[in-house]
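Student: I am new to this structure and would like to learn how to read a few of its features. Could we go through them slowly?

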Amino acid sequence: MTLSSADYSAIWLTLKLASLTTVILLVIGTPIALWLSRTQSWLRGPIGAIVALPLVLPPTVIGFYLLLALGPNGWIGQLTQSLGLGTLTFSFAGLVIGSVLYSMPFVVQPLQNAFSAIGTRPLEVAATLRANPWDTFFSVIVPLARPGFITAAILGFAHTVGEFGVVLMIGGNIPDKTRVVSVQIYDHVEAMEYAQAHWLAGAMLVFSFVVLLALYSSRKTKAVWS
Amino acid sequence: MIHTRLKLNYSGFSLDVDLQLPGRGVTALYGHSGSGKTTCLRCIAGLEQAEQGFIQVNDEVWQDSDKGIFVPPHKRALGYVFQEASLFPHLSVRANLEFGLKRIPRQQRRVDMAHATELLGIGHLLGREPQNLSGGERQRIGIARALLTSPKLLLMDEPLAALDTQRKNEILPYLQRLHDELDIPVLYVSHSQDEVARLADHLVLLSNGKALASGAIGETLARLDLPLALGDDAGVVIEGHVSAYDANYQLLTLQLPNTELSIRVAHSPMAEGQALRCKVQARDVSLSLQGVEHSSILNRLPVTVISEIGADNAAHVLIRLNAAGTPLLARITRYSRDQLGVHPGQQLWAQIKAVAVLA
C-alpha cells in the first residue's frame, strides 16, 4: 500500500500553497513587523491584536467571514467580480488569501521580536555612515534579523501545511484545486481508508517534527551587539 | 564656523542653546549627566529633531525649522562616534570600516583606509571580528569608521566613558593625533574635566539645558563665576611653547603665551617652538608676598590678584590671578588670605607646586 495519485496531487498542492503563502507573508509581514516594532502610535495595540487574532480564533470563524467577504455578495467578491476575476471562493487563489491571514501571526511575531531586539542604535549608526533607510534595511536590518526571518519562514510554511478549518470553509474539497493533504486525510478517514490515512498522517507527523527539530536546533548562539 | 540654535522640550527637560562654535579644533560640550550635552549632539547629527532649530556647519544648513528645512542624518557630512563603539556584529572589522567609506563618492574622499588605520593603530585588526576585540580596540575602530566618511564635522559622544582608565589612556594619544593631524572640527561631549583639558580648544559649559559659558578653554576654565571652579580638580589649562630644554636635569622651559614668563616642567626632550599643553590645578598654586628664593618649588610667577570666591568648603577660597595675561587659579585657606591681606589689584608671587603635562 502506498500513496495514490490523488494523494500525490494533494501533497503537491499543499507544498505549492505553503510556499506561495510563505513568500507573500514575508513580503507583507516584514513592513508590518517593522512598523509594530518601531511605532509609538496608538494604532500599535489594535493592529498587533488583529494580526494575532488567528492564534486564538477557531479557523472556522476566520473561514466563515472570509467566505462571506470573498463570496458573490461580499466586498472582496464584488471587487473581484468587477475586475472580471469572478469570485475567489472555492479556488486556489482564495486558499492563498485565507492562508496568508491565518498564518500571519506566525510570520509577523518572530520578525517583530527580531526587529525589536536590534534596537535603534544600529540604524542610527548606519544613518551616520550615510546609509539611506532602504540601504540600512538591506545592509543592516536584514542580516541582523536573519534568525528571525528563518524562524518566520519555517513557522509560516509549517503552519500553512497544517491548515484545515479555513481550507474546508472557503476552499471546499476540489481535487487539484483546493484539496490539500489535511483535507485528503479527512476524506480517507470518512471513507474508512485508514491505511491511506496512516501514510499521509504519518508523513505529516514526520515532516512537522523535522521542521521543528531544525528550528529548535538552529537556535544556538545569538550575535552579540557590541 | 558652526552655528547651532536649538530649542526643545521633553517632559521634565528642556534644551535652549544658541552657540557659535569655531569651525576648527576640538570643542568640548561639558556638563553633568542630564545637562543636555548628548541631546545637543544628537540634534546636530539629526538623530533627534529639535522643534525649533537652526544648524549651520560652515556653508551648509542642516536644519532651519523656520524654513521647514531638516536634512536627514544620512545626508549630513558628519561622523558620529557613540559612547559604545556600536560596531556592526555581522561585519568584520574591515567591512565595518568600509561601511561608510564605500558610500562616499570617490572624489569626496579625503581620508583613506591606509591613513585612518595608521592614525588609530588598527592595521593589525582588520581581519578580526568585532566580538573578539577589547573595548579600547572597538572604540578605535568606531572612530576610524567615522573618519572614513570624510566628515566635515566629527561628533563624539563620550567616546571614552565606557572604558576603564587603562583603555582611556590607550585611546587619548590617538585622539590627540586626530586633533594635530586632521583638519576636521570636532564636537566632543564629555563630563570629564581631564579629557576636556587634554583635548579641547574651546569649551561650552552646559547645565540644565542651557549654555552657561562658551569660550577658549584657558579662559573658560579659569572663570570664577562658573561652577567649574568649585570642584577639587579646578584648574587652568596653559598652552605654551617650548623655549629651552635642559638635558642635564630633564627640564623643559615653557614660554607662556604673549609674555616673557615661563615655567619649567619635567619632560622628555622636545624641539624648541613646539606647543605643549599643561594643566595647573588650583590646589597646587600657593601665594606669597615675596618671591621665595630658596625653595624646592621650581616655578614662581609674579601675578596680580583679580578676584576671589568661596570654594566648596568653608576653610578655602579660590583666587583668580593674572600672570601677564595668562589666567591662573589658586586655592588657599581663608586664614592665609587674611594673613597676606589678599585683595584685587595686589601684586603677589604664585608658586606652582606641580604642572601636569597634558599632551
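**A helix and its packing**

Tutor: A residue is buried if 20 or more other C-beta atoms, placed from the backbone, lie within 10 Å of its own. This is a predicted model, in which local features need pLDDT of at least 70 and side-chain atom pairs count only at pLDDT 80 or more, while totals for chains, interfaces and linings use all residues. Residues are numbered from 1 along each chain as its sequence is written, and chains are lettered from A in the order in which they are written.

Student: Which residues of H1(A) are buried?

Tutor: Among them are A:Leu13, A:Leu17, A:Leu25 and A:Gly29. At A:Gly29 the helix H1(A) also bends by about 35°, with a proline, A:Pro31, following within four residues; the bend is the angle between axes fitted to the seven residues ending there and the seven starting there.

Student: In what order do the strands of the open sheet in chain B lie?

Tutor: Strands of a sheet pair through backbone hydrogen bonds, either parallel or antiparallel. Here the five strands have the order E2-E1-E4-E5-E6 (chain B), with antiparallel pairing, where two strands pair if DSSP finds at least two bridges between them. The edge strands, each pairing on one side only, are strand E2 (13–21) and strand E6 (69–70) of chain B. Strand E1 (residues 2–10) of chain B pairs with strand E4 (residues 52–57) of chain B over six bridges, and B:Thr4 has B:Ile55 in E4(B) as its bridge partner.

Key:
Helix = DSSP H or I, 4+ residues; strand = E, 2+ residues; numbered from the N terminus. Buried ≥ 20, exposed ≤ 12 C-beta atoms within 10 Å, placed from the backbone.
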